[in-house]
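This briefing reviews selected local features of one structure for computational work. Please keep the sequence and the coordinates at hand while reading.

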Amino acid sequence: MGEDSYDLNAIDSKTKFVLAHSFVDKRTKKECIKFLKQIKDNCYRQILEIFEKEKHKKVKDRDLTEFTCDKFANYKTAFMKLFRRVCKLNFGVPIACKKYNLKHNNNPIERYNGKIKDRIKSIRSGFKSFDDTKCFMDLRRIIHNYVNPNQELQGKTPAEMAEIILPLRRNKLLNLVKFVRDNTSL
């Protein structure tokens, strides 16, 4: 993994479920739009349901789905293109937000990214290619969402908190592989 590549992640602050993930060479507007489009493709029906319940209220009083991000301008551009009318954006939130008495924070994603960085440091030979790194990141996302219980979620996985219930039982990773095998047409 080179110094010029980036791992883009979006995580739900309540369930800790990783909603979107991209591994890119550059954080261009195009890549950021493609990244946030994953959320739109997978969650837009739920976002619209919330918007429909709130649209009769004054704009400032609406309790809409909220996105929180740091000051990277391409995130704001992508958000405005895909979600500006139906969601709220908390833009420019620093990591140390409690220090500045800010209501919103990006701590869940910073924690997730930190765990990935720690894991990558422990891989001695590194990754041989961009595709190898992307595969590793995809696997980390799957394991995070469906296999590893989260202490903050009282031992549930993010998928369980998001009410994505799969019959994985005790050996979650093995049973997830079997579930995908049995439910995917090749």
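In which loop does Lys16 lie? Lys16 is located in the loop between strand 1 (6-11) and strand 2 (18-24), where helices (H or I, at least four residues) and strands (E, at least two) are DSSP runs numbered from the N terminus. The structure is a predicted model, in which local features need pLDDT of at least 70 and side-chain atom pairs count only at pLDDT 80 or more, while totals for chains, interfaces and linings use all residues. Residues are numbered from 1 along each chain as its sequence is written, and side-chain values use heavy atoms, with hydrogens and water left out.

**Backbone and burial**

- Lys16 is not a glycine, yet has a positive phi of about 65 degrees.
- Lys16 is buried, with a relative accessible area of 8%; buried means under 20% relative accessible area, exposed over 50%, and partly exposed in between (1.4 Å probe, protein chains only).
- Glu163, in the loop between helix 5 (158-161) and helix 6 (172-183), also has a positive phi, near 60 degrees, in a residue other than glycine.
- Glu163 is exposed, with a relative accessible area of 67%.
- Val24 belongs to strand 2 and is buried, at a relative accessible area of 3%.
- Val24 and Ile50 are separated by 26 residues in sequence and by 31 Å in space, C-alpha to C-alpha.

**Aromatic contacts**

- Six aromatic pairs are counted under the rule that rings of Phe, Tyr and Trp (its six-membered ring) pair if their centres lie within 6.5 Å, with planes under 30 degrees apart counted as stacked, over 60 as edge-to-face and the rest as tilted.
- The ring centres of Phe72 and Tyr75 are 5.2 Å apart and the planes stand at 70 degrees, so this pair is edge-to-face.
- Phe72 is partly exposed, with a relative accessible area of 22%, whereas Tyr75 is buried, with 15%.
- Arg27 lies over the face of Phe72, 3.7 Å from the ring centre; a charge sits over a ring if NZ of Lys or CZ of Arg is within 6 Å of the ring centre and within 35 degrees of the ring normal.
- One aromatic cluster is formed by Tyr44, Phe67, Phe79 and Phe83.
- The charged end of Lys40 sits over the ring of Tyr44, at 4.6 Å from its centre.

**Cysteines**

- Zero disulfides are found in a search of the whole structure, a disulfide being a pair of cysteine sulfur atoms within 2.5 Å.
- For Cys69, which is in no disulfide, the nearest cysteine sulfur is that of Cys32, 9.4 Å away.
- Cys69 is buried, with a relative accessible area of 11%, whereas Cys135 is exposed, with 53%.

**The second largest pocket**

- The second largest pocket has a volume of about 320 Å³; on a 1 Å grid over the protein atoms alone, a pocket is an open set of points where a 1.4 Å probe fits, with protein on both sides within 12 Å along at least five of seven lines.
- Grid points are joined across faces, edges and corners, and a volume is the space filled by probe spheres set on the points.
- The lining comprises 15 residues, of which Arg111, Lys115, His144, Pro149 and Asn150 lie nearest the centre of the second largest pocket; lining residues have an atom within 4 Å of a point.
- Helix 3 (107-121) and helix 4 (130-147) are the elements that give two or more residues to this lining, and helix 3 gives the most, with five residues.
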